[in-house]
Amino acid sequence: MCTYLTEKIEVAGSGKGAAGWFTLTDATVYFDHPQHAPAEHTLNIDFLNPGSGPSARIAVELTAESARALAKAIETTLASAPPGMI
Amino acid sequence: MSSEALIAETISITGHDGDEIEAYLARPLGIDSFGSVVVIHHMPGYDAATKEITRTFAAHGYAALMANLYHRDAPGASPDDAAAAARAKGGVPDERLVGDVGGAADYLRALDGSNGKVGVIGYCSGGRQSFLAACSLPLDAAVDCYGAFVVGTPPAEMPLKVGPIAHLAENLSCPLLGLFGADDKYPSPDQVDELDQILTKEGKEHEFHVYEGAGHAFFSVNRPAYRVEAANDGWQKIWDFYGRYLAS
């Protein structure tokens, strides 16, 4: 099915795409058909800079299990950073 | 004997509101008179797999034209980037879809050799859009491949910018072939039954097939959803159906 379900957030940072590094301003997270991953539905994340056009995009497509593991790893890593660094 | 020659190329057509949009045309060569098909791509976009489907129609003697429904959202971008840009905007507005399919149908009717008959086929989100087009435009045959939300309201947590359109059934301008998977949730077999009953009540000619062991996107040869038995039989149903309503 096509869910269109999309979470949009603003982000600050950089990403490396086909044309090299660029500034990231937005990210979208959605669970829907992948373009490439061998699964019917995946958790997809687009890191974007819409001001630079639709090709300023870094895309990942993860199985739901992988996406949950990633989210947990991010939280664990941030939680373990030394006090005062964040 | 047919030479089986065909040509496939990217062209520009006039779509909704007079906009010039990208489209992929495949047509048979050496045939004096042919029917035509507007191909509506799935939600992942104007991609290589749907271009292959478009060429398949030409290989079977039909002129086929697939408009890039995301062209305005990301002109010149790769299909996957364009699909991401389109989804961020909530998908293709219904009014724009009808205008783009109408433009594609006009282009096909004007081709040298056209027999004047034009059908439409759509996959996934394009299945709903195929039904929408056939209820909004004068067409000769329509195929809906597992289109969701012709009936049934999207769940509240799903911020779709599309709604049910079964109320348009009374305006259906042509026979409808529906091909669905029994394991699909959107549309579910109950929703397929509901649409079947609505069309019967309206006296609209239609033919639905629901394949056991198949879910959504069973025609997609490059995805795990592909189901060879359903897809092979579905293609045969399409050739039979278009043979009746579009062929010279």
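In what order do the eight strands of the open sheet in chain B sit? Keep in mind on this tour that the model is predicted. Select the strands of chain B and read across: the order is β1-β2-β4-β3-β5-β6-β7-β8, and the pairing is mixed. Now look at the two ends of the row. The edge strands here are β1 and β8 (206–211) of chain B, each of which pairs on one side only. Going from one strand to the next, the twist averages 20°.

**Stop 1: inside the chain B sheet**

Zoom in on β2(B) and β4(B), residues 63–67. These two run antiparallel and are joined by four bridges. To find your place in that pair, pick Ala23(B): opposite stands Ala67(B) in β4(B).

Next, show helix α3 of chain B, residues 94–109. This helix packs on the sheet and touches β1, β2, β3 (34–40), β4 and β5 (114–123) of chain B. Line up your view with β5(B), and you'll find that the direction of α3(B) makes about 145° with that of the strand. Then bring up α5(B), which also packs on the sheet, touching β7 and β8 of chain B. Its direction makes about 170° with that of β8(B).

**Stop 2: the nonpolar core**

Which residues have the most contacts inside the largest nonpolar core? Select Val38(B) and Leu65(B): they are the ones, in a core of 84 residues. Stay on Val38(B) and show its surroundings. Leaving aside neighbours within four places in sequence, Val38(B) is in contact with Leu65(B), Val101(B), Ala104(B), Ala105(B), Leu108(B), Val118(B) and Val120(B).

**Stop 3: chain B as a whole**

Zoom out and color chain B by secondary structure. Walking from the N terminus, the elements run β-β-β-α-β-α-α-β-α-β-β-α-β-α. The radius of gyration is 17 Å, close to the 18 Å that the globule rule gives for 248 residues, so chain B is as compact as a globular protein of that length. Along the principal axes, the C-alpha atoms fill a box of roughly 50 × 35 × 35 Å. Color by burial, and buried residues come to 54% of the 248 in the chain. As for contacts between residues at least 6 apart in sequence, 66% of those in chain B join residues at least 24 apart.

**Stop 4: loops worth a click**

Start with the loop between β7 (176–181) and α5 (189–201) of chain B, where you'll find Ser188(B). Ser188(B) is partly exposed, with 17 other C-beta atoms within 10 Å.

Check the peptide bond that joins Tyr186(B) to Pro187(B): it is cis, with omega about 10°.

Asp17(B), in the loop between β1 (6–14) and β2 (20–28) of chain B, has a positive phi of about 60° although it is not a glycine. Tyr146(B), in the loop between β6 (141–145) and β7 of chain B, also has a positive phi without being a glycine, near 40°. Which of the two is buried, and which exposed? Asp17(B) counts as exposed, with 11 C-beta neighbours inside 10 Å, whereas Tyr146(B), with 31, counts as buried.

**Stop 5: over to chain A**

Switch to chain A, where four strands form an open sheet in the order β1-β2-β3-β4, with antiparallel pairing. At the edges stand β1 (6–17) and β4 (57–62) of chain A, each with a single partner strand, so one side of each has no neighbour in the sheet. On average, neighbouring strands of this sheet are turned by 25° against each other, direction ignored.

Focus on β1(A) and β2(A), residues 20–32: they run antiparallel, and 10 bridges join them. Click Ser14(A) and you'll see Thr23(A) of β2(A) opposite. Now show helix α2 of chain B, residues 79–88, which packs on this sheet and touches β1, β2, β3 (42–48) and β4 of chain A. The direction of α2(B) makes about 85° with that of β4(A).

**Last stop: the contact between the chains**

Select both sides of the contact: 18 residues come from chain A and 25 from chain B. On the side of chain A that touches chain B, β2 and β4 of chain A each supply at least two residues. How do the residues on that side divide by type? Nine are nonpolar, six polar and three charged.

Terms used
Residues numbered from 1 in each chain as written. Chains lettered and ligands numbered in written order. Predicted model: local features only at pLDDT ≥ 70, side-chain atom pairs only at ≥ 80, totals over all residues. Pairing = 2+ DSSP bridges. Axes fitted to C-alpha atoms, helices over the stretch in contact; angles between N-to-C directions. Contact = placed C-beta atoms within 7 Å. Nonpolar A, V, L, I, M, F, W, Y, C, P; charged D, E, K, R; others polar. Buried ≥ 20, exposed ≤ 12 C-beta atoms within 10 Å, placed from the backbone. Core = buried A, V, L, I, M, F, W, Y, C linked by C-beta atoms within 7 Å. Rg over C-alpha atoms; globule rule 2.2 N^0.38 Å.
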